[in-house]
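Open the model in your viewer and keep the selection tool ready. We will go stop by stop.

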Amino acid sequence: MVSVHHSGNSGICTLLQVTLGVRLPILQGGTFTLLAPSMALLSMPEWVCPGWTQNATLVNTSSPEFMHIWQTRMQVLQGSIMVGSLFQVLVGFSGLIGLFMCFIGPLTIAPTISLIGLSLFDSAGMNAGNHWGIAAMTTCLIVLFSQYLRHIAIPVPAYSKAKNLHTSRMYIFQILPVLLGITVSWLICYLLTIYDVLPSDPKQYGYLARTDIKGDVTGSAPWFRIPYPGQWGTPAVSLAGVLGILAGVISSMVESVGDYHACARLSGAPPPPKHAISRGIGMEGLGCLLAGAWGTGNGTTSYSENVGALGITKVGSRMVIVASGFIMIIMGMFGKIGAVFTTIPTPVIGGMLLVMFGVITAAGVSNLQYTDMNSSRNIFIFGFSMFTGLVIPNWVTKNPSLIATGVVELDQVFQVLLTTSMFVGGFIGFILDNTIPGTKRERGLTAWSKAHDNTGESSLESDEVYGLPWGLSSGLSSCTWLRWLPFCPSHNTAEEQRAPPSGSDLQDKKEPCKDDAHIIVAVAL
């Protein structure tokens with residue numbers, strides 16, 4: 001049910017981002033950057049779930065005792081996310097994201113993102129270890145679809161005004177490799193369950209690969225349910241949780257700035273100006289605030305996978321993403337959909353995590369392409385940050401009682417921060433990169449700034465793409481004090497919009513494949 005609520009929240013955040021945020025055709029969804037601090041918070045002694053809740057055969061999901069256990073933990077988690085997201089709202093709408101980017105470079109981002117995947121290897125192994133055969137099959141299918149079959153186009157029915165109903169070739173394996181891999185493995189587990197190939201005894205190895213271990217959860221779930229803020233109870237705030245979430249929020253902001261530039265480049269739009277980036281980060285913070293209020297257990301961010309799909313399909317229309325947002329909102333209101341997703345066996349999830357966490361780790365390392373890795377300075381910073389980001393959290397997890405300052409709240413803060421690998425590695429990388437002498441070129445800041453260069457910020461084309469809709473840009477620019485706000489279009493916008501645009505300026509700006517509406521469902525999935 002939580003996953004369905006996240007679908008609805010992602011749809012709302014997508015609509016806000018496309019209309020009032022950065023205004024690029026980019027989808028909003030759950031973020032991995034909050035996963036590590038959330039797990040660190042829930043691994044604290046007072047929040048560790050009782051052992052009997054880990055056995056699906058002993059759990060009655062409708063019992064008051066079980067509901068109290070998971071709802072109290074959800075309340076602390078969602079309260080921490082809500083408070084942490086306020087920092088992102090402040091950084092975005094105040095324009096401070098530009099100041100942050102002056103001090104955060106590739107040697108800070110690389111260990112931060114990489115340690116998200118590396119620190120969760122135990123979780124992936126635990127899930128996959130419930131049935132290594134099923135997990136390996138899921139991994140192989142995802143690799144097959146995403147790497148070996150990605151250049152094979154499949155004919156699918158399509159409709160356009162020019163051609164009416166026709167077939168169009170679509171790179172389905174490159175767009176939906178993870179979804180296809182999970183679906184095929186899920187279906188095979190279902191067949192092995194109904195034919196009793198998998199063991200029915202909970203004590204036997206492979207039992208958790210069955211799809212019926214949670215009973216008739218699909219039949220008992222309501223067809224239609226409208227989520228609302230505070231549905232799991234009044235959110236509670238934990239100082240340790242908030243500080244841990246902040247580490248994930250900062251990583252998410254920096255990653256999103258890169259996604260904005262990549263999306264603009266692939267969709268044929270000019271580089272996003274500062275006011276658009278500020279609005280985009282602010283809207284993502286607002287999305288995290290809504291996600292916390294609704295109790296999804298996670299925040300939202302720009303989907304890098306969606307940016308990759310945009311480069312494949314060449315569909316740069318905002319209306320496609322708007323339609324996808326509405327589809328996610330509709331899906332979020334059907335309780336049966338969330339109930340169906342809960343039947344996915346844990347080995348299938350484990351096989352997917354083996355691929356996803358590996359890709360996240362590699363994505364973090366790829367930021368080093370901007371730096372001079374022949375420099376012993378950079379090798380030391382990256383290597384030391386990565387290693388300490390693994391060693392310190394591992395030691396603190398095994399020796400939690402040794403952190404005793406005499407102040408319980410302070411102990412909790414240190415417990416969460418020092419068990420969050422991405423915070424430890426990112427913080428050490430940030431301090432060393434900004435204190436050890438090195439040139440901008442050596443640190444990667446020169447290439448980094450070129451990759452995120454804002455050209456044409458005041459051009460007519462930029463205002464056309466990133467200006468606020470419904471005439472809001474003109475209205476805000478006419479107010480002397482409003483037009484200087486960091487998230488408002490620049491003060492030159494009004495004068496440029498009064499100038500008559502040339503025909504070539506507007507005719508050359510076309511949204512690629514605007515009529516390819518058949519891609520909407522694929523993007524939403």
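Select Arg210 and Asp212 first. Their side chains meet in a salt bridge, 3.0 Å from N to O. A salt bridge here is a side-chain nitrogen of Lys or Arg within 4 Å of a carboxyl oxygen of Asp or Glu. Arg210 is buried at 5% relative accessibility. Asp212 is partly exposed at 38%. Buried means under 20% relative accessible area, exposed over 50%, and partly exposed in between, using a 1.4 Å probe on protein chains only.

A word on the model: it is predicted, so local features need pLDDT of at least 70, side-chain atom pairs count only at pLDDT 80 or more, and totals for chains, interfaces and linings use all residues. Residues are numbered from 1 along each chain as its sequence is written, and side-chain values use heavy atoms, with hydrogens and water left out.

Next, select Arg377 and Asp433. This salt bridge also spans 3.0 Å, N to O. Arg377 sits in helix H17 (residues 376-398) and Asp433 in helix H19 (residues 421-435), so the pair ties together parts 56 residues apart in sequence. Helices are DSSP runs (H or I, at least four residues), numbered from the N terminus. Arg377 is buried at 8%, and Asp433 is buried at 0%.

How many salt bridges does a search of the whole structure find? It finds 4.

Last stop: Ser252, in helix H11 (residues 239-267). Ser252 is buried at 3% relative accessibility.

Technical notes
Helix = DSSP H or I, 4+ residues; strand = E, 2+ residues; numbered from the N terminus.
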